[in-house]
Amino acid sequence: MHVSTKMAGMLAITMAALTGAAAAEYPEKPVEFVVPWPPGDLEDVLTRMIAEDFQTEYGVPAAVVNRPGGGGGPFPGAVEVANAPADGYTIGSFIIAIPVVGPQIGIPDLNPDPFVPLGNFLTYPFVIAAGANAPYQDMAGLAAHAAENDVVLGHFGAPLVPTQVTFGLAREMGFAFASDAAFDALDCNTLASGDVDVINTTLQLILPCLDDVKVLASIGSQRIPLTPDAPTVAELAPDLDVALWNGLFVHKDTPQDVRDRIIAVAEKTVTSERAQTLAAQTGATVYWQPADEVVAQITKDIETMARIGAMLAE
């Protein structure tokens, strides 16, 4: 009995040591950061910075994998992350819509919300823009034009937060878009093609042609430094005030020590000089918001989007 007890104790000590060693080994194989959009936008650029620093810090390959949804927005990419093992080797770089809208729209893999935030790192400079030849200069002019003409809106997906905010603003200003269409990318070519009249997109995607478009409004509570004359949606309709953020997420069963190792790199990256230089060049806000604050932010944003949804349903 004495020998059996002693052996059991030694076995428990050995198993504990092995478990600790296994945890300390993360990461020991390639890590993927899933961006559910095409390459080139700010979340993609910043996530690539994080992946580069992760690889340097831990000595394992780390790469961004782009998973655009083909008109389905970011949700197909989010489902891929949800179905990956909860081991920290598949990390989602997600917009506000994944935790705020995803559980509400009938996608089983996203309801209940399978993710936990590691931290937010970006608030987009998001705009409502029209082509240079549009016969209106601002949202009031667009409203007057839409009363007499069909206006087509291009967006990233009808359920997504900026699209819902844009629909809500149109309603508040007394008009509706004649039709709308979803795109994986909304850039200078989208407006130049004439496929749509107005787009809501990130400023990053239209920076190359910023002098050739009209920014009618920005989505968020603060004006964008690069387009200071464009009012915010919050100025035009205070009930529609919502920030469009992006953060890192993992499956909720991912061990905390693994989360902590990802967070350590990501926070250092986004507060670095090169990340802050990118922010200044693009009008973005780049920062690190800890996980507990992100949880509170998500709760607030769910309430705001519920209010906007109720308004649009009237």
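Begin with the aromatic rings: the structure holds ten aromatic pairs, where rings of Phe, Tyr and Trp (its six-membered ring) pair if their centres lie within 6.5 Å, planes under 30 degrees apart counting as stacked, over 60 as edge-to-face and the rest as tilted. One of them is formed by F54 and Y58, edge-to-face at 4.9 Å centre to centre and with 70 degrees between the planes. The model is predicted, so local features need pLDDT of at least 70 and side-chain atom pairs count only at pLDDT 80 or more, while totals for chains, interfaces and linings use all residues. Residues are numbered from 1 along each chain as its sequence is written, and side-chain values use heavy atoms, with hydrogens and water left out.

**Select helix 2**

F54 and Y58 both lie in helix 2, four residues apart, about one turn of the helix; helices (H or I, at least four residues) and strands (E, at least two) are DSSP runs, numbered from the N terminus. F54 has a relative accessible area of 0% and is therefore buried, and Y58, at 16%, also counts as buried, because buried means under 20% relative accessible area, with exposed over 50% and partly exposed in between (1.4 Å probe, protein chains only). Leaving aside neighbours within four places in sequence, F54 is in contact with residues including P27, V31, G59, V60, A62, I262 and V265, contact meaning heavy atoms within 4.5 Å.

F54 also belongs to the largest nonpolar core, of 105 residues, in which F33, F54 and I206 touch the most other members. Such a core is a set of buried Ala, Val, Leu, Ile, Met, Phe, Trp, Tyr and Cys residues joined through side-chain atoms within 4.5 Å. Helix 2 gives the most to this core, with seven residues.

Six strands form an open sheet in the order 2-1-3-10-4-11, with mixed pairing; two strands pair if DSSP finds at least two bridges between them. Strand 2 (62-66) and strand 11 (285-290) stand at the edges with a single partner strand each, so one side of each is left without a neighbour in the sheet. Within the sheet, strand 3 (residues 90-95) and strand 10 (residues 245-251) pair in the antiparallel sense over four bridges, and S93 stands opposite L248 in strand 10. Helix 2 (residues 42-58) lies across strands that include strand 1 and strand 2, running at about 155 degrees to strand 2, where axes are lines fitted to C-alpha atoms, for helices over the stretch in contact, and angles run from 0 to 180 degrees between N-to-C directions. Helix 12 (residues 291-313) lies across strand 4, strand 10 and strand 11, at about 105 degrees to strand 11.

Strand 6 (residues 152-155) and strand 8 (residues 198-202) run parallel and are joined by two bridges, and the bridge partner of G154 in strand 8 is I199. N200 is also placed in strand 8 and, at 0% relative accessibility, counts as buried. The side chain of N200 reaches the backbone oxygen of P162 at 3.1 Å, and a polar contact of 2.9 Å joins the side chains of N200 and T166; a polar contact is a pair of N or O atoms within 3.5 Å, and within protein one must be able to donate a hydrogen and the other to accept it, while residues adjacent in sequence count only if both atoms are side-chain atoms. Among the other residues that N200 touches are F126 and F156, both of them buried.
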